[in-house]
Amino acid sequence: MQYGFYFDADRCGSCKACVMACRDKNDTLLGLKLRNVIDYGGGTWIEKDGITQPDGVFVYAVSLSCNHCANPACVANCPTGAMTKREEDGIVYVDESVCIGCGTCAQSCPYGAPRVDAERGVSRKCNLCMDYLEEGGRPACVDACLMRCLDFGDIDELRARYGTTCDIAPLPESSATSPSLVINPSRHAGKEGVIINLDCELA
């Protein structure tokens with residue numbers, strides 16, 4: 001089995017409740033986000049009838065954490081073997097007793113998922129709330145989502161239910177790591193834009 005996430009970009013209102021639930025669960029430092037919300041938008045201005053007005057303006061949000069990839073770059077590049085992928089459920093996690101906080105995992109991941117915790121001297125990342133799962137619960141971010149944009153489970157079941165799309169701007173191409181992620185794209189997906197909230201940038 002391989003656990004993964006589903007995210008509905010067409011319903012997300014960028015409230016960031018998932019981010020706050022993750023921070024509360026993991027007791028992370030200010031600025032250290034194991035789940036992030038990227039606000040992505042674009043558009044331009046045109047002159048019409050002597051009036052300058054917006055044209056093609058759009059914005060949507062993407063909630064993102066570790067994707068527990070089939071081919072995780074963080075695991076492949078970790079010099080100490082601290083970054084591990086569990087055989088039984090595919091969860092990628094950090095063995096903090098082995099991690100030296102070098103940041104190679106953070107530099108390797110195209111999604112920017114691992115983060116170095118300078119205070120603890122180790123890398124940290126989403127581990128799908130393994131302790132909650134062992135108790136029969138769900139990841140904190142999934143339970144906290146007000147609009148029910150997030151779901152998790154066996155990635156094969158998620159793909160059967162929601163489809164196989166996992167590429168959406170501004171995320172990197174999925175072919176390199178094969179993320180365990182399914183996305184229902186925003187109706188605005190595919191348009192060119194920019195990350196408009198620099199506090200929530202991808203890397």
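## Cysteines, sheet and core

The sulfur of cysteine 105 lies 6.2 Å from that of cysteine 99, its closest cysteine sulfur, which is too far for a bond. The structure is a predicted model. A disulfide is counted when two cysteine sulfur atoms are within 2.5 Å, and by this rule the count is 0.

An open sheet is built from 3 strands in the order 8-1-9, and its pairing is mixed. Strand 8 (150-154) and strand 9 (181-184) each have a single partner strand and stand at the edges, so one side of each has no neighbour in the sheet. From one strand to the next, the twist averages 20 degrees.

Strand 1 (residues 3-8) and strand 9 run parallel and are joined by 4 bridges. Phenylalanine 5 has leucine 181 of strand 9 as its bridge partner. Helix 6 (residues 155-162) packs on this sheet and touches strand 1, strand 8 and strand 9. The direction of helix 6 makes about 125 degrees with that of strand 8.

Phe5 also belongs to the largest nonpolar core, which has 44 residues; Phe5 and Leu171 touch the most other members. Strand 3 (residues 51-64) supplies the largest share of this core, with 5 residues.

Methods: Residues numbered from 1 in each chain as written. Predicted model: local features only at pLDDT ≥ 70, side-chain atom pairs only at ≥ 80, totals over all residues. Heavy atoms only, no water. Core = buried A, V, L, I, M, F, W, Y, C linked by side-chain atoms within 4.5 Å. Buried < 20%, exposed > 50% of the residue type's maximum accessible area, 1.4 Å probe, protein only. Helix = DSSP H or I, 4+ residues; strand = E, 2+ residues; numbered from the N terminus. Pairing = 2+ DSSP bridges. Axes fitted to C-alpha atoms, helices over the stretch in contact; angles between N-to-C directions. Contact = heavy atoms within 4.5 Å.
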